[in-house]
Amino acid sequence: MEQTIRVELGDRSYDVRVGSGILDSVGPAAAALPTVRQAAVIADSNIASSYGKQTADSLTAAGIDATLIEFPTGEANKTVAVFSDMLDAVFAISPAIDRDLLIVACGGGVTGDISGYVAASTLRGVRWLQCPTSLLADVDASVGGKTGINHATGKNLIGAFYQPSGVLIDVETLKTLAPRELQSGLGECVKHAVIRDASLLDFIAENTTEILACQSDVMCDLVARNVAIKADVVAGDERETGTRAHLNYGHTVGHAIETIAGYGTLSHGAAVSLGIIAANAIAVDSRLISPVDADRVRQALEALKLPVTYPGLNPDEVWEVMQRDKKARGGHVRMVLPTEIGRVEIFDNTTPQQVARGVAALG
Ligand SMILES: NC(=O)c1ccc[n+]([C@@H]2O[C@H](COP(=O)([O-])OP(=O)(O)OC[C@H]3O[C@@H](n4cnc5c(N)ncnc54)[C@H](O)[C@@H]3O)[C@@H](O)[C@H]2O)c1
Ligand SMILES: [Zn+2]
């Protein structure tokens with residue numbers, strides 16, 4: 001059942017292993033890296049005593065001296081202050097920390113982002129392994145090497161591109177995930193299907209019951225297929241100058257709705273689902289895709305219990321928020337729209353009228 005996906009990034013290439021029960025393999029995986037003797041396992045307060053401890057125990061059993069570093073859960077803690085506390089905890093492990101230290105991130109996307117930045121910053125870069133435990137971290141945050149923290153000015157404004165030595169995804173961990181958190185990852189799965197792989201949309205539509213129940217075999221396939229898509233997009237454009245922007249499909253209007261609703265009110269996946277519906281309505285209106293294709297996507301989202309309507313939105317407000325987005329260039333609003341299921345293109349001059357059409361589809 002275990003599957004391995006290679007992320008091809010030249011001398012920084014690494015493997016993502018997806019399987020059932022492989023969190024217990026983190027010890028042997030770490031021991032296989034040259035000269036690793038000490039490890040800091042970083043986990044948030046929700047899972048430090050469960051998966052965090054399991055990870056540390058696996059490292060200890062493999063002969064690696066493991067220290068568990070716990071931080072308070074949640075996006076609100078992806079801060080400079082928590083990052084600073086983590087560095088203190090890392091340097092407290094031993095007065096003579098050296099570059100043989102391994103950082104192990106065990107948790108959701110917040111843990112992965114902040115731990116990766118700790119790894120990038122400690123002694124100008126130590127090795128790190130990622131053990132994502134949320135679906136969003138599995139299919140999105142754990143691939144691509146973006147690490148970092150938030151600043152009061154905005155999200156993810158401080159950070160570095162820093163690739164891990166490897167990623168281990170244990171799909172068994174998904175069984176304890178809250179439905180809202182599962183939803184967050186599912187929005188990205190539908191996004192990946194529409195931008196690159198029509199057969200993935202069929203797979204999702206045929207397996208919604210198994211997916212919502214986190215059935216192990218189906219989740220292995222779902223996660224592995226999504227990791228492969230994200231890895232492929234990232235390998236083609238590591239620094240986000242071109243086609244990596246395809247990953248923003250569903251996110252332009254989606255982010256605007258997330259902001260208008262009040263950040264944290266909607267799950268990220270719910271916002272992306274609404275953004276996908278709006279983008280597809282614009283694509284239908286512009287005769288890029290057929291209403292039948294747009295309906296296939298809507299049905300998959302609905303079957304996954306993701307929202308497809310959000311009445312009462314003011315299109316002018318959505319447009320205004322979209323223009324403030326850091327990805328809007330020179331006042332131009334850029335949108336990624338499907339030209340068929342499995343293929344998208346970037347459109348640089350989206351008009352307020354088009355956005356109003358997308359918003360109307362959510363009414
Ligand atoms: N680096 C990237 O490329 C990238 C991509 C997408 C998102 N992100 C970042 O990821 C973050 C969102 O990730 P997230 O949704 O995983 O958030 P998160 O890390 O806060 O996890 C969500 C919640 O689920 C809990 N949790 C995680 N795994 C669990 C499990 N197996 N069982 C029970 N509870 C579990 C966590 O404790 C947390 O409370 C954001 O900060 C976002 O910016 C980064
Ligand atoms: Zn997203």
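These legends describe close-up views of a predicted model.

**View 1**
The domain assignment of the chain gives domain 1 (3-176) and domain 2 (179-360). Their C-alpha centres lie 27 Å apart. Across the contact, 23 residues of domain 1 meet 23 residues of domain 2.

**View 1. The largest nonpolar core.**
This core has 117 residues. Val41, Ile42 and Val104 have the most contacts inside it. Helix 11 (residues 268-285) gives the most to the core, with 12 residues. Domain 1 (3-176) and domain 2 (179-360) both contribute residues, so the core lies between them. As a general rule, nonpolar side chains in soluble globular proteins tend to be buried together.

**View 2. The surroundings of Val104.**
Which residues is Val104 in contact with, leaving aside its neighbours within four places in sequence? They are Val26, Ala39, Ala40, Val41, Ile42, Thr55, Trp128, Leu129 and Cys131. Along with Val104, they are the residues with the most contacts inside the largest nonpolar core.

**View 3. Helix 3 against helix 4.**
Two packed helices are described by the angle between their axes and the distance between the axes. Helix 3 (residues 80-93) and helix 4 (residues 109-121) pack at an angle of about 55°. Their axes are 10 Å apart. That angle makes helix 3 oblique to helix 4. The crossing of these two helices is right-handed. Helix 3 brings Val82, Phe83, Met86, Leu87 and Val90 to the contact. Helix 4 brings Ile114, Tyr117 and Val118.

**View 4. Helix 6 against helix 9.**
The axes of helix 6 (residues 179-196) and helix 9 (residues 216-236) come within 10 Å. They cross at roughly 55°. Helix 6 is therefore oblique to helix 9. Is the crossing of helix 6 and helix 9 left-handed or right-handed? Helix 6 passes helix 9 in a left-handed crossing. From helix 6, the residues at the meeting point are Cys189, His192 and Arg196. From helix 9, they are Leu222, Asn226, Ile229 and Lys230.

**View 5. Val190 in helix 6.**
Val190 has its place in helix 6. Is Val190 buried or exposed? Val190 is buried, because 26 other C-beta atoms lie within 10 Å, and 20 or more are enough to count as buried. Leaving aside neighbours within four places in sequence, Val190 is in contact with Ile204, Ile276, Val297, Ala300 and Leu301. Val272 is 82 residues from Val190 along the chain. The C-alpha atoms of this pair are separated by 9.3 Å.

Arg244 sits in the loop between helix 9 and helix 10 (252-261). Arg244 counts as partly exposed, with 17 C-beta neighbours inside 10 Å. Not counting residues up to four places away in sequence, Arg244 touches Val233, Val234 and Asp237. Ser13 is 231 residues from Arg244 in sequence. In space, the two are 17 Å apart, C-alpha to C-alpha.

**View 6. Leu9 between two strands.**
Leu9 is in the loop between strand 1 and strand 2. Leu9 is partly exposed, with 16 other C-beta atoms within 10 Å. Gly19 is 10 residues from Leu9 along the chain. Their C-alpha atoms are separated by 23 Å.

Most residues other than glycine have a negative phi. Phi of Thr35 is near 65°, a positive value. Where is Thr35 found? Thr35 is in the loop between helix 1 (26-31) and strand 3 (38-44). Thr35 is exposed, with 9 other C-beta atoms within 10 Å. Phi of Asn156 is also positive, near 55°. Asn156 lies in strand 8 (residues 154-161). With 14 C-beta neighbours inside 10 Å, Asn156 counts as partly exposed.

Methods. Residues numbered from 1 in each chain as written. Chains lettered and ligands numbered in written order. Predicted model: local features only at pLDDT ≥ 70, side-chain atom pairs only at ≥ 80, totals over all residues. Core = buried A, V, L, I, M, F, W, Y, C linked by C-beta atoms within 7 Å. Buried ≥ 20, exposed ≤ 12 C-beta atoms within 10 Å, placed from the backbone. Helix = DSSP H or I, 4+ residues; strand = E, 2+ residues; numbered from the N terminus. Domains from an automatic or database assignment. Contact = placed C-beta atoms within 7 Å. Axes fitted to C-alpha atoms, helices over the stretch in contact; angles between N-to-C directions. Parallel < 35°, antiparallel > 145°, perpendicular 65-115°, else oblique. Left-handed = near helix turned anticlockwise from the far one by under 90°.
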